[in-house]
Amino acid sequence: MAPKLDRRPHVLLLRPPGSEPGRLAEIAVVAHIPVIDVEPVPGAAEKVEKELEKSDWVVFTSPRAPRLLASLLEKIRVLQTQGRIRVAAVGPKTRQVLEQHGVRTDYVPREYRGAALAEELASLRPRRVLLPRSEKAVPDLVRGLESHGIEAVEIPLYRVVVLDRMASAAARIADMFDYVVFTSPSIAEAFTKHYPSPGSPGFKPVAIGPTTAKKLKELGYPEALYPSEYTLDGVGSLIEELEGGRASRVGGRW
């Protein structure tokens with residue numbers, strides 16, 4: 001195993017290019033090596049525009065989606081003002097991006113993940129929900145909505161591109177870090193393709209939430225830790241508590 005670096009905890013972050021470390025940068029030395037990138041699906045914005053007026057809800061499951069649909073946000077805002085559509089965001093970062101563009105967020109679930117959003121949104125009795133999101137999004141949100149008889153219209157808006165050279169470089173130096181942070185199942189898969197010993201990693205794997213923690217377990221890692229709030233700021237708080245010996249555990253969640 002490679003020797004650990006010293007002083008503040010050292011964290012390897014694997015998010016796509018352009019991502020900000022947030023609270024992590026306040027409590028740790030953060031190295032950012034993107035192992036995936038994303039690219040828009042051609043024609044997706046046009047498909048979303050055609051479906052908007054047929055739907056009574058549009059759900060954004062990442063900050064990336066409203067950024068890619070910036071040209072449609074004014075139309076969404078007008079439909080909102082007319083009472084013809086409502087907007088849900090999966091978490092506070094996505095809500096922040098929407099509000100920066102003048103779009104009001106009508107609902108954010110108490111637990112920041114798709115399955116929880118489906119259950120809570122169902123109680124608001126939507127008729128038809130539009131979901132512009134990743135081409136490889138996990139199916140729990142759609143399944144949850146459909147289990148309540150709600151029509152879910154999923155439009156692949158962007159796709160994941162694996163950066164193999166970067167993933168290989170990250171895997172070679174990962175054991176020098178105290179923690180490696182995984183913020184999606186796609187990132188876990190891209191990194192692990194090049195990492196030789198997931199069963200006995202030289203770092204503590206930290207997931208952003210239970211879906212990514214489940215993927216890490218499937219890939220052979222020991223049970224990954226994840227914060228009670230499924231955000232990067234939540235990951236920062238978790239690592240801070242772990243370093244201070246103040247964390248308390250509930251399953252994989254701390």
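I take buried to mean under 20% relative accessible area, exposed over 50% and partly exposed in between, with a 1.4 Å probe and protein chains only.

**Entry 1, ground rules.** I am working on a predicted model, in which local features need pLDDT of at least 70 and side-chain atom pairs count only at pLDDT 80 or more, while totals for chains, interfaces and linings use all residues. Residues are numbered from 1 along each chain as its sequence is written, and side-chain values use heavy atoms, with hydrogens and water left out.

I looked up which residues of helix 11 are buried, and found Leu232, Gly234, Val235, Gly236, Leu238 and Ile239; helices (H or I, at least four residues) and strands (E, at least two) are DSSP runs numbered from the N terminus. The buried residues of helix 11 pack against strand 1 (10-13), helix 1 (24-27), strand 8 and strand 9 (204-207), where contact means heavy atoms within 4.5 Å. I also checked the length of helix 11 (residues 232-244): at 1.5 Å a residue its 13 residues should span 18 Å, and the end C-alpha atoms are 18 Å apart, which agrees; the expected span is 1.5 Å times one less than the number of residues.

I then turned to the nonpolar cores, each a set of buried Ala, Val, Leu, Ile, Met, Phe, Trp, Tyr and Cys residues joined through side-chain atoms within 4.5 Å. The largest has 25 residues, and those with the most contacts inside it are Leu12, Leu14, Val35, Phe182, Phe191 and Phe203. Helix 8 (164-173), strand 8 (179-182), helix 9 (185-192) and helix 10 (210-218) each supply at least two residues of this core, and helix 9 gives the most, with four. Apart from it lies another core, of 22 residues, among them Ala44, Val48, Ile76 and Tyr158.

I found seven of the seven residues of strand 6 (residues 128-134) buried. Strand 6 pairs in the parallel sense with strand 4 (residues 57-60) over two bridges and with strand 7 (residues 151-162) over seven bridges; two strands pair if DSSP finds at least two bridges between them. Val58 has Leu130 of strand 6 as its bridge partner, and Pro132 has Ile155 of strand 7.

I noted eleven helices and nine strands, with buried residues making up 47% of the 254 residues. The C-alpha trace spans about 60 × 35 × 30 Å along its principal axes.
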